[in-house]
Amino acid sequence: GVAGRSAQERFDHLHATREQRIDRTWGRLAGAVKFLTSDPRSTTAWAKGAEGERRVAGHLQRVIGDPAVFLHDRRIPRSRANVDLLVVAPSGVWIVDAKHWSGKVEHRDVGGWFSTDPRLYVGGRDRSEAADGLERQVLAVRQAIGDPEITVVPTLCFVEAEWGWFAKPFRFRDIWVSWAQPLADMIAEPGPLDRAVVEEVAATLSARLPPMGS
């Protein structure tokens, strides 16, 4: 697979559709309209997401290198959803969901006096729903592997987000929330999987979770 391919293709489709609509509506003035206006944020978010996926994947590959196998933009069967990146390493199988979101990343508890309600905030907005998609990805990856002994670790990796002083990765609903460098350090830690098992698991995942568009 190719890092960020699905998000980039979605942006390209939306951008082209808008350009064609302007051409039909404005005729000879279409060029001026395109120059003076821009794609809506809902469209540009796809291009930004694709860039984030490429940057995260590139950093992890540079830092971790050969001990791991990288599977990009994998399709979840019977679904329109995808997995941004799977990293099969001696430490386990890591699901990396890259997010190119701005603002400070915070782990807040918004519960009352006698209850807890942990939430993930980014830039002052509640982004806890990001964990829901990862839970579905974990289920798909576990089913694809078919071996409960293999550790599967879901992660949210932020690009260009802000972190407080002395910040470090934290767990949210059993998901690691991090940025690229500490995530690379965690993935690169020694683990129980030897090279033969890493390659076998990667081959199984590659066959059962094919690249998007295949």
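How much accessible surface does the protein have, and what share of it belongs to carbon and sulfur atoms? After that, please look closely at strand 3 (residues 92-99).

Modeller: This is a predicted model, in which local features need pLDDT of at least 70 and side-chain atom pairs count only at pLDDT 80 or more, while totals for chains, interfaces and linings use all residues. Residues are numbered from 1 along each chain as its sequence is written, and side-chain values use heavy atoms, with hydrogens and water left out.

The accessible surface of the protein comes to about 12,100 Å², and 53% of that area belongs to carbon and sulfur atoms; the areas come from the Shrake-Rupley method with a 1.4 Å probe, and for residues only the protein chains shown count as cover. Of the 214 residues in the protein, 44% are buried, where buried means under 20% relative accessible area, exposed means over 50%, and partly exposed lies in between (1.4 Å probe, protein chains only). The C-alpha atoms fill a box of roughly 65 × 50 × 30 Å along the principal axes, and the secondary structure comes to six helices and nine strands, which are DSSP runs numbered from the N terminus (helices H or I, at least four residues; strands E, at least two).

Turning to strand 3, eight of its eight residues are buried, so this strand is largely enclosed by the rest of the structure. Strand 3 has pairing partners that can be followed in turn, pairing being counted if DSSP finds at least two bridges between two strands. With strand 2 (residues 82-89), strand 3 pairs in the antiparallel sense over five bridges, and these two strands form a hairpin with two residues between them. With strand 7 (residues 152-158), strand 3 pairs in the parallel sense over seven bridges. Trp-94 shows both pairings, as this residue of strand 3 stands opposite Val-87 and also opposite Val-153 in strand 7.

Asp-97 also has its place in strand 3, and this residue counts as buried because its relative accessibility is 7%. Leaving aside neighbours within four places in sequence, Asp-97 is in contact with Asp-84, Leu-134, Gln-137, Thr-155, Leu-156 and Cys-157, contact meaning heavy atoms within 4.5 Å.

Leu-86, for its part, touches Val-93, Trp-94 and Ile-95, and its other partners include Val-69, Phe-70, Val-141 and Leu-205, not counting residues up to four places away in sequence.

Asp-73 lies in strand 1 (residues 69-75) and has a phi near 50°, a positive value in a residue other than glycine. Most residues other than glycine have a negative phi. Asp-73 counts as buried because its relative accessibility is 1%.
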